[in-house]
Amino acid sequence: VKEHNGTLDKYIGDCVMAFWGAPTANEKHALSCVRAAIDAQRAMFALNQDRALENTRREQENPALIAAGKPPLPTLPLLALGTGINTGTAIVGLMGSDAHILNYTVFGRVVNLASRLEGVSGRGRIIIGEATFKDLERDDPALAATCVELPPVTVKGIKNAVANYEVPW
């Protein structure tokens, strides 16, 4: 997020919420966000390759440990990352009050749709909304040409099915 000039908003369970274009304007905010998501997926893939090698090493070491009366080394779980991205106008700024929690954050319909697209993404996928795709077509036509249009999806809180695309990484 930081490498691509995004704003890290908050952690929600195992979710990271971030946004682009505020507090610093960024004409290519959608492209920056998509590139951050691609980098994150590639980093997760590399981490999982290292974990798989370590698991192989542990599996080879475990028979000797067991024979020596020691507990076996547990295998490391492989991790997955799903990403939902949406572009549009949102409310951003300091929300709350001095008497309660005060956060610099973003909210609005476009933010909710990004969250819903993350839910659609599952494991190892980057799903973007139509507005994000249109910005990619303008700012990086080569990247946009690699995106795969998916069937429109119905998500909670939005009456009509929404267009969405998968970004290969």
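Predicted model: local features only at pLDDT ≥ 70, side-chain atom pairs only at ≥ 80, totals over all residues.
Two packed helices are described by the angle between their axes and the distance between the axes. The axes of helix 1 (residues 29-67) and helix 3 (residues 130-139) cross at roughly 100° and come within 8 Å; helix 1 is therefore roughly perpendicular to helix 3. On the side of helix 1, the contact is made by H29, A30, L31 and V34, and on that of helix 3 by T132, D135, L136 and D139.

The structure holds nine salt bridges. Among them is the pair formed by R57 and E54, whose closest N and O atoms are 2.6 Å apart. These two residues of helix 1 are separated by about one helical turn, because they are three residues apart. R57 is partly exposed, with a relative accessible area of 37%, and E54 is likewise partly exposed, at 22%. E54 also forms a salt bridge with R58, with the closest N and O atoms 2.9 Å apart; R58 and E54 lie four residues apart in helix 1. R58 has a relative accessible area of 16% and therefore counts as buried. Beyond its neighbours within four places in sequence, R58 is in contact with L73, P74 and L76.

A further salt bridge joins R138 and D139, with 2.8 Å between the closest N and O atoms. Here R138 is exposed, at 51% relative accessibility, whereas D139 is buried, at 16%. Through shared partners, salt bridges join E54, R57, R58 and E61 into one network.

A nonpolar surface patch of about 360 Å² is made by V1, L8, Y11 and V16. Of these residues, Y11 is found in strand 1 (residues 7-12) and counts as exposed because its relative accessibility is 60%.

Definitions and conventions: Residues numbered from 1 in each chain as written. Heavy atoms only, no water. Patch = residues over 30% accessible without salt bridge, like charges linked within 9 Å, V, L, I, M, F, W, Y side chains within 5 Å. Areas by Shrake-Rupley, 256 points an atom, 1.4 Å probe, with all protein chains shown as cover. Salt bridge = Lys/Arg side-chain N within 4 Å of Asp/Glu carboxyl O. Buried < 20%, exposed > 50% of the residue type's maximum accessible area, 1.4 Å probe, protein only. Axes fitted to C-alpha atoms, helices over the stretch in contact; angles between N-to-C directions. Parallel < 35°, antiparallel > 145°, perpendicular 65-115°, else oblique. Contact = heavy atoms within 4.5 Å.
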